Amino acid sequence: MTSTQRYSFTLLAVFILCISVQALNKVNVWGFFAHRKINELAVYALPDSMHIYLRSHIEYLSEHAVDPDRRRHSTKGEAEKHYIDLDYYPYDIKQLADSFPKSWEMALSCYPEDTLRTYGIAPWNLQQYHYRLVKQFQGRDLSKLLKTMADYGHYVGDIHVPLHTTMNYNGQLTGQKGIHGLWETRLPELFFDEYDLLVEEVKYIDDVQELIWSVVLESHRLMPEVLHKEMMLSKANSSSKYTFEERGERTTTSYAKSFSQLYHDNLNGMVEQRMRCAVSCLASLWYTAWVDAGQPSLKEFE
Ligand SMILES: [Zn+2]
């Protein structure tokens, strides 16, 4: 290989790597936009005893809402915290609700740890994060507390996304590749201004484990509709589904605005409802951790 060939080969390799990283970044994550909004709006939903001290840290909590996605490909053990492939397990939705092991210890007694980690540990990770958050409130270290709150918000956001509960997370098994980014990134970015995400009041959660699982199971119940509606609309609108844009030498493809609008309308407010639920659930979980920690005065954290 001559040095020119080697140089071209290196350039090509770097180019392919960049494309792959872009592709990876496009799947598996509520869009960065939605994650930031969920954390931000949850602070507004908190009672005054927490809100007045945390509002000056809204920027931090919102900006760092996406840290877990940033480290998911570089930190071992991170990726599995963002999802759970419930359809890997041989249960229908009713059996999942009734008999799927809800605690990590129970799950470990039913399945090898490797299997659990391969198919995602989102609900169990969240339970662990809850205990960690209670400890942080008791520890009174503001920077650690804010970091844990931001991460926690991310994972709570993720379990509200139906495609985070299936092996077919990006429609790759049904010829619908790209649907993940369409549902959780393109739609909220296009239609966010129409959403009403104001949350009335936070609640103390008596059973955190139960709440987390009810969210996960509701996401899983909605998952077939997310896939089915996109497939029906794609069949009827195959020629107008995508737009193509020239960017220098490259042509990029994205879902056409008209198709996105059609899909959004057909979902009957599902994206908005899941986002609102995420804001409300997160605010209540933050609040619950603070109460469980003995309601420390956040003023003393400064
Ligand atoms: Zn995530």
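Modeller: Start with a side-chain pair: Asp151 makes a polar contact with Tyr129, at 3.2 Å. A polar contact here is a pair of N or O atoms within 3.5 Å; within protein, one must be able to donate a hydrogen and the other to accept it, and residues adjacent in sequence count only if both atoms are side-chain atoms. The model is predicted, so local features need pLDDT of at least 70 and side-chain atom pairs pLDDT 80 or more, while totals for chains, interfaces and linings use all residues. Residues are numbered from 1 along each chain as its sequence is written, and side-chain values use heavy atoms, without hydrogens or water.

Asp151 sits in helix 10, residues 142-159. Helices (H or I, at least four residues) and strands (E, at least two) are DSSP runs, numbered from the N terminus. What surrounds Asp151? Leaving out residues up to four places away in sequence, Asp151 touches His64, Asp67, Pro68, Arg71 and Tyr129; contact means heavy atoms within 4.5 Å. Asp151 has a relative accessible area of 2%, so it is buried (under 20%; exposed is over 50%, partly exposed in between; 1.4 Å probe, protein chains only).

Now the metal. Asp69 (OD), His82 (ND1), His154 (NE2) and Asp158 (OD) coordinate the zinc ion at 2.0 to 2.6 Å. Donors are N, O and S atoms within 2.8 Å of the metal (3.2 Å for Na, K and Ca); water is not among the atoms, so sites may look incomplete. Along the chain, the zinc donors are spaced D-x12-H-x71-H-x3-D. His82 lies in the loop between helix 5 (67-70) and helix 6 (93-99), and Asp158 lies in helix 10, so this pair ties together parts 76 residues apart in sequence.

Why is the zinc arrangement irregular? Because the four donor atoms subtend angles of 82 to 171 degrees. Four donors are tetrahedral if all angles lie between 85 and 135 degrees; four are square planar and six octahedral if opposite donors are over 155 degrees apart and all others between 65 and 115; anything else is irregular.

His82 counts as buried, at 1% relative accessibility. Asp158 is buried too, at 0%.

For contrast, take Ser254, in strand 2 (residues 250-255). With a relative accessible area of 28%, Ser254 is partly exposed. Ser254 contacts Lys241, Tyr242 and Thr243, leaving aside neighbours within four places in sequence. Ser254 and Phe244 are 10 residues apart along the chain, with 6.6 Å between their C-alpha atoms.
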